[in-house]
Structures are given as structure tokens and as C-alpha cells.
Amino acid sequence: MSADADVVVAGGGPAGLQFAREIASRSEYSVTVLEANDRLSDNDKSTGGTFDQVIERYGIPDSVVMAENEDVVFEAPGASSRLPIPGYVLDFPAFLEFLGEDAESHGAEIRTGARVAEPVVERGRVVGVEYWDDGEKRRFDADLVVDATGPRAVLAKQLDMFDPASAQRGIGKEYEVRGRYDLDSMLFRFDHEVAPGGYAWTFPAGDDVFKVGICWIEDFYDTHRAPDDGTIDEYVAEWLTRDPRWEAEDRRAVHAGDAVSNNSINQRATDGLVAVGDAVSSINPLFGEGIRPGMESAEMAANVALAALDRGDTSRERLSVYEDAWNDEKGLQWRIQRIVCELLYDFTPEQQRRFVTSAGRLSDAQVGRLQAYELTVGDYLDLYPFDPSDLSKLPAIARHV
Ligand SMILES: Cc1cc2nc3c(=O)[nH]c(=O)nc-3n(C[C@H](O)[C@H](O)[C@H](O)COP(=O)(O)OP(=O)(O)OC[C@H]3O[C@@H](n4cnc5c(N)ncnc54)[C@H](O)[C@@H]3O)c2cc1C
């Protein structure tokens, strides 16, 4: 059967759209994105906090940036530290629309309302996908298939490349609010009273608008929640009203979703297919930052895919250069940070206080490494608030080593 396009991408989030942008803007290969939602902007789960590595490297325009800040504040009960990390808050739905329009302007096709159901595998190689379109199941063949369906990992899961059920699950909920916000920083608070087993945040989002949210990791939430606690909505509502530094007038939007992560060292390529972004757990397992690594994984995969398409060889052997590149660049840090995650969200309040205090003592060079996820062993030791109770966590940590 002749291919319907050279490349088909399942999923139009940051990773899938960046992959399509890379292929369409750097080659003559045809690329089609199949997105389940009716509009790209319907994927509005994310807070959209991001950094220079995304804005500058991927040419993100000011029009989709809601706010720009000079620093990040870490807080815990009894401690507060300001870290000189410039950041941006994106209008996430508008950001996705921009990525889609830009990909289209370079010749990519974006089909919305197209839910991918399964890979088409012939003689052991992925040759296309089946997808639902207007109640009808259709087939789309391509020389290269990309799974970018986010934490559902629709294709990677069926191909036994990544099983989201075996990974750690976090959930997050955020209100976008109009009102008074006295800070000009992205604020992260580590405090089990506010966000048991996770963290709370507030981000500025333009004139008289801010975002306020809570996320937690299910395992640690169960350990640290109050016996009579309520829903995540109640936690967000409480976080919104408990602090005099901000005051809500009305709620403009609600964003929510889950984040599924392991140490990211997963199979990323098979014959005829690569997986990018959260479909193969590229999200940082410590802080849940997923836009930057998702787009980076897309760029890495596209570099390898373009060379493979040029040679007419999209075998696993050729495509796994992408998997090796990811593991070389991110694998070790993501693995360590998966372990640190096991500790951080289970800290006692005193450890949370000491961790935030230590973060405030990092040198500028160390802060740079923290932001780039390139911490050294010495940096981790400077940050780590050891407590004898940590010894009881060794069996859980050993699993990750
Ligand atoms: C509450 C919350 C807040 C967050 N805040 C931040 C933040 O501030 N900064 C940050 O960097 N990261 C944040 N993240 C994480 C970040 O949003 C994700 O890591 C990132 O969106 C992953 O991009 P992706 O393209 O891999 O997947 P996704 O964004 O999940 O996109 C996947 C796309 O695939 C589509 N899809 C799914 N199934 C199918 C199918 N069967 N067929 C076709 N299409 C399909 C989906 O509709 C979606 O559009 C947050 C996550 C949550 C849940």
C-alpha cells in the first residue's frame, strides 16, 4: 500500500507539534498530525511555566506569553528563598495553536477530531495507524509513525514500549484567576498542609491575572494527607484564600490533568515508529516540567528521523540513535531526579524547611545547573537535608538504582 504521507504524528501537544514543525520546516517530507480533540487548544491542562530554552530555541512569540519573571521563589513552612531563574508563563492553548499554525505554514497538515486507536503492524514493522474520524475507523499509512499522545501513550503502550500503569502518577489542578497578585515571581511551596505529597504554586499571568494550583504524587499524597481531607479542588480553593499576597475576584479557567513519569529510560523507537514527549515519559520526574523536555525529545527524534528518511531506512536500528541520544543527554539526571523525587515529596516539614533554606544558599552557577537539570553530586549534597528517617526509605530507593 502506498503511504498517505511520509510521516504521521499521533497527538498534537507540544511534543507532537514540535516534531511536525521540525520535519515540515527542515525538509520536503509530508507530515500529518492526527489530534483527538476538536481543536488543538482543547488541550489546556498545563500551567505553561517555562524557560529560555523553550522561548528562544523554539521561537515562541510574545503573543502567547502571559507573563515574564525574573526569579523563582521556593517556600516551605518557616523558609523562603529566591532563586535568580528567569521564567515565562505561557497561555498554553494559544501556544499550541501557534505551534500548529507554524507547522501548517511550513506545509504540515493538522487533522483534529481524529482519535488514533492502534498501530498498523505488518511483518513486525509499524506501517501506519488506525484512527476514528466522524464515527468511522480509517487507516493512515506512513513511512514513519510518531507517538505523541501524552501520558496515554496510545501506541507505545500497545507496542510494549512504555506502560503508563507501571509509572508514578501525579495529578494537578489549577485555577486561572482574575484579581490582585502582589508577587512578580513563580512561587513553589513545599508544605504538606497545602499540598500533601506534592507542591503548590502561584504564577503571575499578566495584568491582574494569576494562576494558582496544587499537584501531588499519589503515593506520597496517601502518606501525608490529613485524615479528614477533601478533594483537590478544596485544596486549591484553600490555597487561593489563605494567603494575603493575592486575592481572587473571579475564576477565568480551570486546568487539570495527570503526569505519568518514570526515569524516562524507555524504549523510544521500534521499526517504523518513534515516541516523543510524555508518550514515553520525557517529563522531568522531580518537578513535573514537561514542555521543555517534550519539545527537546521531539527535536532529537526529528534529527534522527530526517536522516533515516533520507536513507529510506526507518528501522529500529537506525531510529534508536534517538533513544541513545536521549539516554546520553537526560538519562542519568532523570534517573537521579526520579530517586530524589522519592525523597523530596516524602520530606518531613523540617526537611522541607532545610531544603528551601539550602536552595537559597546555592551559588549562581549551582542555580544555573539546577535550572538546566545538570546538578553535580556536590550540588545534591549541598541541597539534601538528611534525616535519619530517610534510612527507612532505602528499600524504595534501591528499586530505582
Ligand atoms: C496540571 C498540570 C500542570 C502542568 N504545568 C506544567 C508547567 O507549568 N510547565 C511544564 O513544562 N509542564 C507542565 N505540565 C506538564 C506538561 O503539560 C506536559 O508534560 C506536556 O504537555 C507534554 O506534552 P506532550 O505533547 O508530550 O503531551 P500532551 O500535552 O499530553 O499532548 C498529547 C496530545 O495527544 C492527544 N491525544 C491523546 N490521545 C490521542 C489519540 N488516541 N489520538 C490522537 N490524539 C491523542 C491529546 O489530546 C493531546 O493533545 C503540567 C501538567 C499538568 C497536568
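Student: How do the residues of the shell around the ligand divide into nonpolar, polar and charged?
Tutor: In this predicted model, 14 are nonpolar, 20 polar and nine charged. Gly counts as polar here. The closest of the 43 surrounding residues are Gly11, Gly13, Gly150, Gly277 and Gly290.

Student: What makes a residue part of that surrounding set?
Tutor: Its C-beta atom, placed from the backbone, must lie within 6 Å of the molecule. For this ligand, 43 residues qualify.

Student: Which element gives the largest share of the shell around the ligand?
Tutor: Strand S16, with five residues. Other elements supply at least two each, among them helix H1 (14-26) and helix H7 (291-311).

Student: Why is the ligand said to lie between domain 1 and domain 2?
Tutor: Both domains give residues to the shell around the ligand, so it lies between them.

Student: Why is strand S5 called largely enclosed?
Tutor: A buried residue has 20 or more other C-beta atoms within 10 Å of its own. Five of the five residues of S5 (72-76) are buried, so the strand is largely enclosed by the rest of the structure.

Student: How do you know that both faces of S5 are covered?
Tutor: In a regular strand, side chains alternate between the two faces of the sheet. Val72, Phe74 and Ala76 are buried on one side, Val73 and Glu75 on the other.

Student: What makes S5 and S6 a pair?
Tutor: Pairing needs at least two bridges. S5 and S6 (79-83) have five, and run antiparallel. Glu75 stands opposite Ser80 of S6.

Student: How do you know that S5 pairs with S13, and in which sense?
Tutor: Four bridges join S5 to S13 (186-189), in the parallel sense. The threshold is at least two, so the strands pair. Val72 has Met186 as its bridge partner in S13.

Methods: Residues are numbered from 1 along each chain as its sequence is written. This is a predicted model: local features need pLDDT of at least 70, side-chain atom pairs count only at pLDDT 80 or more; totals for chains, interfaces and linings use all residues. A residue is buried if 20 or more other C-beta atoms lie within 10 Å of its own, exposed if 12 or fewer, and partly exposed in between; C-beta atoms are placed from the backbone. Domain bounds come from an automatic or database domain assignment.
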